[in-house]
Each structure stands twice: as structure tokens, then as C-alpha cells.
Amino acid sequence: MGETTVNVTVNGRSCEAVVEARLTLADFLRETCHLTGTHLGCEHGVCGACTVLVDGAAVRSCLMFAVQAGGTEVTTIEGIAAPDGELSTVQAAFRDCHGLQCGYCTPGFIVSVTAFLEDNPSPTDQEIREALSGNLCRCTGYQGILNAVHQVTGAARGEEPA
Amino acid sequence: MTVPTAEGSTRYAGARINRVEDARLLSGRGTFVDDVSLPGMLHACFVRSPLPRATIRSIDTKAALAMPGVHAVFTAADLNPDVNEQWHTSVGPEGPETPRPPLAEGEVRFVGDAVALVVAESRYLAEDAVDLVEVDYDPLPAVVDYTTAEQAATLVHESHGSNLIGQMSGLPASALQEVFDSAAHVVGETIYQQAYVPVPMEGRALAVDYSAPTGELTIYSATQAPHEVRLFCSRLLGVPEQKVRVIARDTGGGFGQKIMVQRDEMCIMLAARKVPGPLKWIEDRRENLIAAGQSRHEHAAVKMAFDAEGTIQAAQIDFVSDCGAYPTPWPVSTSSVVGALFPGPYRVPRASFTTKTMYTNTVGRTAYRGPWQFETLAREMLLDIAARQMGIDPMELRRRNLLRRDELPYTNANGMPFDHISPMETFEQALDMLDYPAFRKEQAEARAAGRYLGVGISNYVEPSSPGFGYYATEAATIRVEPSGKVNVYIAGGSTGNSIETTVVQLAADALGVDIEDVATIQGDTAVTGFGAGAAGSRSASMTAGAIRETAAILRERIKAIAAHKLEAAPEDIELGNSRASVRGTPTIGMSLGELARAAYFDPYSLPPGVPAGLEASARYTADTRFVWVNATHLCTCEVDVATGAVKLLRFIVSEDCGPMINPNVVEGQIAGGVVQGIGGVLYEHLAYDEDGNPITTTFMDYLLPTATEVPVIEYGHIETPSPGPGGYKGVGEGGAIGAPPAVVNAVADALAPFGVTVTRLPLGPTQIHALIAGNRG
Amino acid sequence: MKPAPFEYHAPTTIADAAGLLADLGDGAKVLAGGQSLIPMLALRLAVFDHLVDVGRIAELHGIERRGDALWVGAGTTEAAVGASVEVASSVPLLAKATPFVGHFQIRNRGTLGGSIAHADPAAEYPAVALALDASMDVVSSRGSRTIAARDFFDGLWSTSMETDELLAGVSFPIWGGRCGFAVEEFARRYGDFALAGVAVAIELDGDDRVRRSALGLIGMGSTPERAVTTEAQLAGQPVTEVDAEEVGRSAVAGLEAVPSDLHGSADYRRQLGAAMVARAWRTASAEARHG
């Protein structure tokens, strides 16, 4: 029932497949594209672990069907670091500030923070907290994550890392 | 990033080392169970009971089985007879146990109880088929309220004969009667804590690849204890242990929920041998909130006697906990820890306790980070209530009663032998960090302006790294590979606890090698020695012991070879920076690579008696039965009395986990636990309605704290070495123990002008509104 | 937690969408941003044979001045509403409500029309639409019609649209003169649906008297609610003599279906609603007086 061909550009690479209409974008990325870095933490749009960029905007990939993403450019966690493996500024800050423990929620945070800082490179602490509040983490108590985002924004302002 | 040592070589323990886990986890290259995809893999989904208690009259699987893509629908009749033995190692084969049928047999006992298991080509199809399985239930009255379960006419487990699972007690209350009768002040309350749960971001997960020709099983498991999964599976299926291989690469948090195999996982293990491909089960969030277990749900009548100066004379707790229908493991012994530790890090000359654990028709109790933390919650809430009643400052009341270093070792009234702790030091450090007098002044000014600030504290002492039973040993294998690079094999249980980084740091120090030269392999039972996994805040101390024992063998061997080659005495050889050199003449030396090359490829050049190769295995047995840890949590808040909102202003933790292996990791563990504790007081509630239906089954209803709800956490460290390896202590659980009463006491302090006494959790805005309205509860 | 199967349709014109809805009948559901619908599908709390994805219909997008109203296409994302200079200047109440809608990732997909058609009583946009007397452009293969907001929300998650009708756009009247606007709400956590809240608009005359006011209550009933009695009492009053707390008490006084659940008793929500109204009234009236 309801199979459709979709073509999505994922991390710069074209991915075409015949999929069931009900296949979520998250499952499409994980199972069809074999990009398992996008994690499912709730599958009802609250935890943010599955956050990816669709045409540059951070969205919950569990709250989108793959067929809706046809023709778009998707960036997943696998597409954030440089091709040679060098971590992005945001990824490196998470490492430096112990902004991850089990790592399950981490891809969603990295993607969300990357998009957020693109739009707002000099946020206040309250703006950072509000931007992070759509992603749940159970390990860090958010302390290392907040420090990581502050490290990125502080570096952007020319401050020394704490 | 490193700590220089006296000899000038590098020391990694104590430094804020970046984690070795991070590169893969930051870039989407981790391997969680759901990331494992094998050819022909099949997917499982459970049919779960919608009723808290009912007789299963019949199960019609025909329509589901007729669906294309569906391979099997199993019921109890298919799976349960295959159970060979089922018991958890910590309880043992003779231990008293809850009956634990893999699939519900005849009767369902909670909403979410697994009734049937569908296996299909995809999880999508499996869920479609679940909707087609027709179960005919005959509803039965259910035991929903654990507080009346003991008297209920209905029994959760008919075979047990009672809803009381078990009870434990210390000194009888009558022995303290005289103390209470003659005390200047007696303060008593009933303290209640709602159910809240671990909620790892990754639910439970299991993939079982069964090879019929060999009878071997390869299991990918989201677990804190890979070896326990292997042992359990081998017993369950009656398969020799070496034919089961458990692989746990990345696990998305556990916090106690993933220590022990539960019924759902048993079903997957049993079913995997009956289907034509590897079988994967990924627990979704709703299942996790319905079926993965409950914790914390408990209450107690607590009482303390004080003399006129506020010196504690006696403490008594009568504790009752909700254990649901299928607690894992047997909950009675854990409950006794609540009783034994109720006096806490205070001078309490007399104590008594009783504990009761109850079956109900709700989801079974499982471990959660500091499973006994109710003792701290109840004691610290009671101390604040007592202080208010006696008109003594709550900090001063504690100061008069806290154990001082010169009183150690101190065996508490229930026989707990405290030592190597520093309750007074963490207490004073936390108060200094806050500037307590300044806060009281600020609070008074705020009150005058109609704003309600509060401060709350809690002190605790907890046992970490248990030195008994199967927890008491840990093994390591260390291989200096022929190139001189080092691999450390340890049982593991990496679930966010940074145990890979810890092992690499400790091994680099133990062998005197650069940290970049060390890697670790964990979470694969095929190549690691038995270990009990990440539980009981044991990983730091136990792996330190395992590495200490194993590295000692290798150090001796490396020194012997180097001494032989360098024509020096072994005792004059120093190890550092991945080299062995002659003391005082560092230019005379050999790299570990050169030594390893000789050891592997030129064995006849080795000194007499030194075996070829550079690899060793050894096993550590705990130096001590308990490694005690203590901390003080101090919190300030503002309560908006118009909305009932609580804003946490400052949160200070002063803890003594001994020397820190990696302060980042220590603080990360504390922060995670603290925010779970904050969640437990202010946001989280695994709730059932009065008919036994779970009503918080999504993240829309079960509210985890987010970045907007948490304060900045400030850390103070006191480092009193334990008697164990390196002096290290466990720090995995304490955050979740200390935080809740600090938050409760802060809220209660803020609301003191309204004359309220807080005795029940949670403290959501609606409860705070009711408290202020004078409507307790 | 996977959705049940459905047939997917992706029309590119309103006419085609209306035709599909007419042909498919009750088994069809409009898929807009999907931020409320897809969770329901994933939890299998809702099952539809057909989803009509209106996300590829260009006509549903846009923000434009139409006479003395601002028209917002139903398919306009909440993020686009929040970023619009035109919205901020013409319908400040809508702009002020937007940051309260979920989290930014949700606003990147969720649409204004989807939110209003979903008609969650605890959502912000329905309350704003009700407060401002917005009108809904509704299209079906039978023709077009306009539904006034007060006639639109007719029950819990229910509107007066027929199942073959599609919400094409919403026109928000532009308030000129000495106006002030405020949205206040209280949620358990930032970004959650409100336990109680309000969208307030005030216009003053030259003598600081209330010319008109509008109070759209959030999460205080089975639909968004309008505090019409309070608004009538306020009309003509000198704003400096209005007691904000009294406005709050009055606004919640007549409510009959205040929800009650684990997160808040009806009694609590009523008090909270009054407090939110008082706060919003103070902010909006100050803005109206001082600009």
C-alpha cells in the first residue's frame, strides 16, 4: 500500500529508493541510507535525538515522512564533521566540555546547535537554553552541553575557552 | 591536560582528559543495538495487556499470521516451556524469587504485560500484526495501591500467598521506646515519594543471532552488564556459556534499568531459536514507560528523638515500597539498605527499622541510581521539619550531629562501618560556597518584598563498589602488542559512564605509557574476563584494581627485559613515556616498541624465566567490603506563589569520591544524577490512575527536565582516599541520592511563611498551589 | 511506534487538494506540517486510509496585506510567521505568540494553518485567532467560504470545517491606534503546551480609556475561550483605574470546562489563568499607553 519513489540528497549524495509512504524520514535515513547516526529516542517528536537539517532547517526526522523530503537536501550527523574526520567547532566543543556521556542524544544536539548558531551566532545564555530545550539528555544534566555552546559562542567573540 | 609526577613522567589520573568514546559518538559512528543490521534480520514487537489484571481466555493469532511479512506469533505456550533455568547471578539459584514467566501465562498482571510476541520482516509490519492479534480477556480486580496491598483480598501472585513480598527489620521499635518517651523533642512524619524512573534515552534493546548448526548465539545487547546477559541466557536456554557471545558496544544510558535481564529480553532469547533469521527487538518509548520498570515509589513513617540541644538520640523508619508485579531482581534485600542507612552520616546512637515490599498490579520495580535513596530523602526532609519545630537553624542542627573525621571509623547503630568519609568537610565547604549567611539576608529582603526564596541541604553517605558476591572481583587482560601499543580488555558496561576513558587513563599510568598508545576493548564476552558490569558505582574502583593487578605483572616483565638488554638491575629501571630507562640516566633506555619486538619476535633473547610476549591477565578481589562515599547537596530556589513554579537558583555539590581519575567524568556523573533528582522532585511522575492504567506513557506526559529547567551546578571536591585501589571511590549514583531532598527542603523553606510542611512528592506547580492553599496533598 | 499504512497524495494546487478531499471522504486527512498529526499516527491513536499532503501547494504560502487585515497562508510555517517583519508590525500578537509554539525545530515544520485547524485548546494560534476575530478562508470542491473565528472552534480538537474542506488561509484584522499586545502563558517546561495562558490585545482612546480589548484564553476549556464578559466590562474604562488582578479573576470566572489532569487541577488552572491574564493585561496596557 502506498509505495512511492523518493529522491533525497543526503550529505551531498543522492539517495533514491522506493519506499512506503508511512516510512518516516528517520527510518529512511537509518535503514534505507544506512546512516545510523540519527537516533530514535521517542518517535513522537519530543526528545530531539533524530534532529536533522532539511534544506538547512533543523527538524525532527521522526515527524516527517520520507516522501515529504523528496527533492530536499538533508544533512545528518554523519555530514557535520569534515570529510577527513575533523570535528566541527560544535562537535569539538562538546568533546572539550564533556557535553556527552552515553552519546545517544548527541547527534540531535549537535545538529540542533549547529543550526541554531548559524541563525544566532551570539546568543544569550537564556537563548541558548531555550534553543537546547527541544532536545532531551538524560546523562549530562545539560551542564557540559551548555558549556560547549558557550565555548563556541565565546570563541566566536574572540574569548579564550574557560 | 595531564598531571606531572615527581619523577617527571606523565600521569593521567587526575587530569581532565578528553574521552576516547567521543569521536565516534559525536560523528554518528557509534554502534547501538538498533544500528546492528544483519542479513535476514527479523523484527519483534510485543502484544501487551491493556488491563492491569485479567484472565487470558484465548489468543487468536490467525489474522496476524496470515499477514504477508509475518513469520511468527508466539504465545506463552510456545516460549515458556523452553525455560531451562531463570535466575539472576546476584540473587543465586536458591534465592527467593518472583515467578517470572517470559510471556504472561493464564493471567496478565499489569498494563503492558507481554502476552504475545510478533516476529515480522520489519517493525512496521510487526506493529501491524500486533493490531491483528485478538486476545480475549476476562477482567479481574486489580491491586493498584501498594499502601493497601497487604490487606487486599486480591493477590497479585496467588502462588505467593500474600501481596507482601518480604520484610526486613533491625532492632525492634520497642527497644527505642524509652528513648522516644523521654526525649526533649520527638519529630515524626510520613514521607511519600512518587514513582519516577531511569528513562535512558535509548530504551532496552536486544538482537539475537542464533546459528542452528553450531548452537551458538551472538547477542547484541543494550546492557550495563554484558557477562550477566551471557550467563543469564546460557542458563535460560540451557546452552553452554561459551556458546553465547554478548556484544555491547554503545549503550544509550542505563541508570540501573539495564543491569538485569527482564522478561521481555527472555522472550527474545527464547524466540530467536525458532525464527529463520537474527531477531531484533528495540523497545520504543511507550514500551519503556509502560513495561521497563518502576522505581522510587515508596513511603515511610519516620521518627527522630532529640535532646534539648538538638542532639539526635534515636532514629526510626518503617518503610514500605511498591514493587509492582514482576520486580527485578528480588527487592527485599535492597529495601533493607534503606533501613540500615537511615541514620546517615550523623551521630545517631540508637536506630530501628522495618521494611516491607509489596506486589501490585503495576510494572515491576527495577534498580535506579541509588535504589535506596529514600533513606536520604526521608532523613533530610525530617531534619528540616525538626529544625523548624525546634526553632534551630537547619544547618546548625546538622552541624551538631554530623560525624567528624576524628570519630572515624564509626559503626552506625545498624552496623554500617563508616570510614574514609568527610561529612563535616563537604557540609562546611558547600555552605562556604553558598555564603549561607548572605543567602539568609537576601532571603529576608526578598520576603519583605513579597518574593519567596528558599535554601535546602542534604547530606548522605553511600556504599559504592560492593565487595561481596559476584560484584567482588574484576578481571583485566593487558596486551602490549608487538608494536608496543597497548590493548586493555575489560568486561565493561559502557553506558555513558566513560569507563573506556577511565581504563585508558589508568592503564597508561600503570604501565608508564603515553595515553595515545593505549586502547581498550570492552563489552564483548568473547574476549573479556567475567565482570559484573556497571552497577553499584563499582566501575572506577574495580577496574582500577583489575588494572593494578594486571599491570604489576607486565611492569615486572618489562623491567626484567629492559634490565637484561640495558645491562642494569631491574630495580633501577623506570617506566615512563612509553619507554623503559635506567634511573638517573634517562638517555639509556628502550622504547616499549623495541621491548615488545624482542618479547614477541626474539624470544630467545629474553632473560631466563621471562616468557615470550607481553600479555597478562589477572583478577582483582575487592580490598574492602564497602567503599563509602559522602556528599553534601545545597540548593537555593525561588517559588512563584502565583504559578507554583520553582526556579532553582544555585545548586552546589560538595562530594568526596576520593582522588578523581578524571574530574570531567566525576562532575558529569554528579550533574546527570542531580538533574535526575531535580526531575524526580519537580517534573517526573510515572503515574497510574486509580484503575491501574498508566497515564504517563509518552514524553508529552512524562516530563524530563530540559536545559531551561536546570541551574548551573557548582562543584566542590574533598578527596579522602578510600582503602581501595588508588583510593578511588564510586560516583555514579550519588547525584541522584543527594539532589531530591536538597530541592524539597529548598522549596519547603521558601514556603515556610505559609506554614506548610512538605511531606509528599512530587512538587509540581499544582501540588505547590495546593500546599499554599492549605490543602495538603 | 510506527504509523499504520496509508495512501499518500501530494497535490500541488488547492483545487486538486479539494478534489482529493471530496473524492476520498472521511478516510482522508490533511497533512500539513505534521507536527501534531504524525505523533498521533506513530502512536496509532489516529489511523487514516489517505493522507493529503498540502505541503507542496505554493498557493498556501505567503503573508500579505489584504485591506485592513493581514492574510497568512495556511501552509506558512510557524518559523516564517515568527521571522516576518510584516507580521511583527501588523499583527504583533501573532508575532508574540509564536515563540511559545513548541521548539524551534517544531516551528520549522509546523504551519499556522495546521495549528489552527488542529484546534488544540492549549495552543497559541487558535487563541490569537479567536482574540483578534480572525477569519478563516476555507475551500472545498463545492466552493469557498469564510468562517469567523468565533464560529470556527466548536469542540476539543474540532472545528466547523467539513471533512472535504481545506483551510487555505487566515486573515488577521490589523489593530491600529494606541494598541498594546501581550501573550502570557505557563507551561510545565519551556515549549510545552500551556497549562493556562492568554493572548491580550488592548486599544486605548486619546484619554487612556479602553476603546476595545480582546482576551483569548489558552488551555482553559475544550476550545480556546474568549473572555467576552470581561471585555465588555472593560470597554470605556480609564485604563489606569483598571485592576489587572480583577481582570484576571473576571476573565476566568465564567469558565465551565477548565481541564484537570495530572499536571494541574482545574482549581489550580483557574488561578493560574487569572494570574496570566493579570500579567498580560499589565504588559499590554503599558504598551498601549507608552508605545
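**Domains of chain B**

1. In chain B, the domain assignment (bounds taken from an automatic or database assignment) gives domain 1 as 3–24 + 468–621, domain 2 as 33–140 + 204–251 + 258–291 and domain 3 as 298–465 + 626–772. This is a predicted model, in which local features need pLDDT of at least 70 and side-chain atom pairs count only at pLDDT 80 or more, whereas totals for chains, interfaces and linings use all residues. Residues are numbered from 1 along each chain as its sequence is written, and chains are lettered from A in the order in which they are written.

2. Taken over C-alpha atoms, the centres of domain 2 of chain B and domain 3 of chain B are 37 Å apart. Contact between these domains (C-beta atoms, placed from the backbone, within 7 Å) involves 23 residues of domain 2 of chain B and 20 residues of domain 3 of chain B. On the side of domain 2 of chain B that touches domain 3 of chain B, helix H8 (residues 285–291) of chain B supplies the largest share, 5 residues, where helices are DSSP runs of H or I with at least four residues and strands are runs of E with at least two, numbered from the N terminus.

**Fold of chain A**

3. Chain A has 5 helices and 5 strands, and from the N terminus on its elements follow the order β-β-α-β-β-β-α-α-α-α.

4. Among the contacts in chain A with a separation of 6 or more, 60% join residues 24 or more positions apart. The C-alpha atoms of chain A fill a box of roughly 55 × 30 × 25 Å, taken along the principal axes.

Definitions and conventions. Contact = placed C-beta atoms within 7 Å.
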